[in-house]
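Reader: I want to learn how to read helix packing. Where do we start?

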Amino acid sequence: MASLVYGTPWLRVRSLPELAPAFLRRRQSSLFYCSRRSFAVVACSTPVNNGGSVRVRFAPSPTGNLHVGGARTALFNYLFARSKGGKFVLRIEDTDLERSTRESEAAVLQDLSWLGLDWDEGPGVSGDFGPYRQSERNALYKQYAEKLLESGHVYRCFCSSEELVKMKENAKLKQLPPVYTGKWATASDAEIEQELEKGTPFTYRFRVPKEGSLKINDLIRGEVCWNLDTLGDFVVMRSNGQPVYNFCVTVDDATMAISHVIRAEEHLPNTLRQALIYKALKFPMPQFAHVSLILAPDRSKLSKRHGATSVGQYREMGYLPQGMVNYLALLGWGDGTENEFFTLEDLVEKFSIERVNKSGAIFDSTKLRWMNGQHLRALPNEKLTKLVGERWKSAGILTESEGSFVNEAVELLKDGIELVTDSDKVLLNLLSYPLHATLASPEAKPAVEDKLHEVAASLIAAYDSGEIPSALEEGQGAWQKWVKAFGKSLKRKGKSLFMPLRVLLTGKLHGPEMGTSIVLIYKAGSPGIVVPQAGFVSMEERFKILREIDWEALNKDESVPLESTATVST
């Protein structure tokens, strides 16, 4: 709801129903009185009814990639429409002819589709309120601009650029708002005709009342009020015949029967101009909801200097659309519980505009990673395995993207993966054998001093006898049985058995479940699994390295021979 209040009498005059399409022609309480020289209004807006249906729009400018802030605005519009059984309209605001490109438009559409935010009307989808690109609606803007000129709500302004600059400079010297002085607002017909005959370029300026204020009831921010004397008469059509943003948006939202305008708070100042245009054209006023900005950790506006800011960048980095949607929804909204994990379907069910916060939301990339990991591991096993397997093959680590090795590796390593791209690191870590670096580290000293050389000697003997290869060939059960027998022979169990085995066989002090890891390392040595360039150290090569360790020098805290370091630390 919005209202205009002025210090002039309430004057009722004939309405102009021909200004609006048929679906907008309905009785309103807002009435205007105007002539070429005066403009006085008292009004109380009526929200768009549309038979009770909800229609919202997301209107990006195709001048670059889809920013995460824009994606969140689109998401909130989508969730509001779906939760109310309404329509989600996509409109491309491409009136900036110099910067708008079809390539950017295609990228925006791709990002929205990737996020799962399918639109009911817009580019590529039929609808009754098109066209859905502003560049294809110029005839409509000119039609309504002429109506405003005829009714006296706008006038021709013949001021040159130099004159306008001088006005701003004078206002600055007088410490006044840099508003248009209204030079042509009271021009006579003769003066206007004279300029037209000379062919002087002109703009269309909207005649703003000089007194009073405008109020709206924002669904997020509550009552917002502006004084009209700070605005000045503003341009709605440029001298080249191109419409100005605020005029386009108002005509588009009205003629597309948009019931709720949900957008970023940076558009809040535009509401004043747009509300005046709504009133002048006798269009029903939509309800407004202005969403807070997304802020960087330092509470400044999120920008490229803080890292990735576009949806496309996060997609390329390996994020899932489910994780992005979940995280963006929580930037300024919550369902009132401690729950933070939501699918898109959950969000549609639980979303309400009343629970959107008016304060800025901090973008936390660490939490986004964590949330993505939650959604990654929530995928069905088959889908997760396919996703990671294809990643391993495309990254040049494995020769095939499916098979028993891939299945078992994904199951073992998935807890260490938050992004699909993380899977490269965890698999390469499993395949590597940085034994020398590990033995030289202070953290390995207790294991080395616990007679690690004796365990190594017994392990080498068991490998040479064929015990270890035989057990590994049979799989997990046989390997566990062998480990138990090996521990008994050394009179070791628990950590005193498993830590030396982990160090000697994996080359590391930490990692995923040891038994499964060692069986997988053995399987990776089969022909046609690991790409030769992946830096894999086979089980046979690991035992060769173990035989070369100078345990005596190691126990004396001398440097460990590093002949094989280049091979094993890849």
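Author: Start with handedness. A crossing is left-handed if the near helix is turned anticlockwise from the far one by less than a right angle, and right-handed if clockwise. Note that this is a predicted model.

Reader: Which hand does the crossing of α20 and α21 have?

Author: α20 passes α21 in a left-handed crossing.

Reader: What else describes a packed pair?

Author: Two packed helices are described by the angle between their axes and the distance between the axes. Here the axes of α20 (residues 495-506) and α21 (residues 514-524) cross at roughly 25° and come within 11 Å. α20 and α21 are therefore roughly parallel to each other.

Reader: Which residues of α20 and α21 meet?

Author: From α20, Phe 498, Leu 501, Arg 502, Leu 505 and Thr 506. From α21, Met 514, Ile 518 and Ile 521. By class, this contact of α20 with α21 holds 6 nonpolar, 1 polar and 1 charged.

Reader: Now α9 and α11. What is their packing angle?

Author: About 130°, with the axes of α9 and α11 8 Å apart. That makes α9 oblique to α11. Their crossing is right-handed. In α9, Gln 322, Gly 323, Met 324, Asn 326 and Tyr 327 meet Lys 367, Leu 368, Met 371, Asn 372 and His 375 of α11. The classes in this contact of α9 with α11 are 4 nonpolar, 5 polar and 1 charged.

Reader: Which residues of α11 are buried?

Author: Leu 368, Met 371, Asn 372, Gly 373, His 375 and Leu 376. The cover over the buried residues of α11 includes α8 (311-316), α9 (321-329) and α12 (381-394).

Note on methods:
Residues are numbered from 1 along each chain as its sequence is written. This is a predicted model: local features need pLDDT of at least 70, side-chain atom pairs count only at pLDDT 80 or more; totals for chains, interfaces and linings use all residues. Side-chain values use heavy atoms; hydrogens and water are left out. Axes are lines fitted to C-alpha atoms, for helices over the stretch in contact, and angles run from 0 to 180 degrees between N-to-C directions. Helices (H or I, at least four residues) and strands (E, at least two) are DSSP runs, numbered from the N terminus. Angles under 35 degrees count as roughly parallel, over 145 as roughly antiparallel, 65 to 115 as roughly perpendicular and the rest as oblique. Contact means heavy atoms within 4.5 Å. Ala, Val, Leu, Ile, Met, Phe, Trp, Tyr, Cys and Pro count as nonpolar, Asp, Glu, Lys and Arg as charged, and the others, Gly among them, as polar. Buried means under 20% relative accessible area, exposed over 50%, partly exposed in between (1.4 Å probe, protein chains only).
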